[in-house]
Amino acid sequence: QVQLVESGGGLVQPGGSLKLSCAASGSIFSIYTMGWYRQAPGKERELVATITSGGERNFADSVKGRFTISRDNAKNTVYLQMNSLKPEDTAVYYCNADREKFPRIKYWGQGTQVTVSS
């Protein structure tokens, strides 16, 4: 069973930066697309960024130019570097692992709170 554990969330002022980490158990990390999603109170969970096993990145329009996703397969870890944070970035951020081969199994972390406020 794959387990995902997020860390790095916290309180930051607008314009500040945070770096989130997601550590995955197991040795099959390299065949998963990894992603970050977020959910604010009263809103739907939304995609923030993804990175495939081959390193292809995709970002939501709202975070392009501000956030960067990266992965270290040797460490089974995916990162989300968040710069120029805005209050609207406030949400619980969830790590996701999406298996690229059959069966298409998905795993979710428990989330980490990011609060952007002055």
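1. Tyr32 and Tyr107 are both buried in this predicted model. Their rings form an aromatic pair of the tilted kind, with 6.1 Å centre to centre and 50° between the planes. The pair links distant parts of the chain, since Tyr32 belongs to strand S4 (residues 32–39) and Tyr107 to strand S10 (residues 106–108), 75 residues apart.

2. The structure contains two aromatic pairs. Besides the tyrosine pair of point 1, Tyr37 and Trp108 are arranged edge-to-face, at 5.1 Å centre to centre and with 65° between the planes. Because Tyr37 lies in strand S4 and Trp108 in strand S10, this pair ties together parts that are 71 residues apart in sequence. Trp108 has a relative accessible area of 36% and is therefore partly exposed, the range for that class being between 20% and 50%.

3. Thr50 is a residue of strand S5 (residues 46–51). Its relative accessibility is 15%, so Thr50 counts as buried, the limit being under 20%. When neighbours within four places in sequence are left aside, the contacts of Thr50 are Thr33, Met34, Gly35, Tyr37, Glu56, Arg57, Asn58 and Ile69. Among them is Tyr37, the partner of Trp108 in the edge-to-face pair.

4. Strand S8 (residues 77–82) is mostly covered, with five of its six residues buried. Strand S3 (residues 18–24) pairs with S8 in the antiparallel sense, over six bridges. Within this pairing, Ser21 has Tyr79 in S8 as its bridge partner.

5. Strand S7 (residues 67–72) also runs antiparallel to S8, and six bridges join the two. Arg71 has Val78 in S8 as its bridge partner. S7 and S8 make up a hairpin in which four residues lie between the strands. In the turn, Asn76 adopts a positive phi of about 50°.

6. Two contacts between a charge and a ring deserve a mention. The charged end of Lys19 sits over the ring of Tyr79, at 4.7 Å from the ring centre; Tyr79 is the residue of S8 that bridges to Ser21. In the second case, Arg45 lies over the face of Tyr94, 4.0 Å from the centre of the ring.

Conventions. Residues numbered from 1 in each chain as written. Predicted model: local features only at pLDDT ≥ 70, side-chain atom pairs only at ≥ 80, totals over all residues. Heavy atoms only, no water. Phe/Tyr/Trp six-rings, centres within 6.5 Å; stacked < 30°, edge-to-face > 60°. Buried < 20%, exposed > 50% of the residue type's maximum accessible area, 1.4 Å probe, protein only. Lys NZ or Arg CZ within 6 Å of the ring centre and 35° of its normal. Contact = heavy atoms within 4.5 Å. Pairing = 2+ DSSP bridges.
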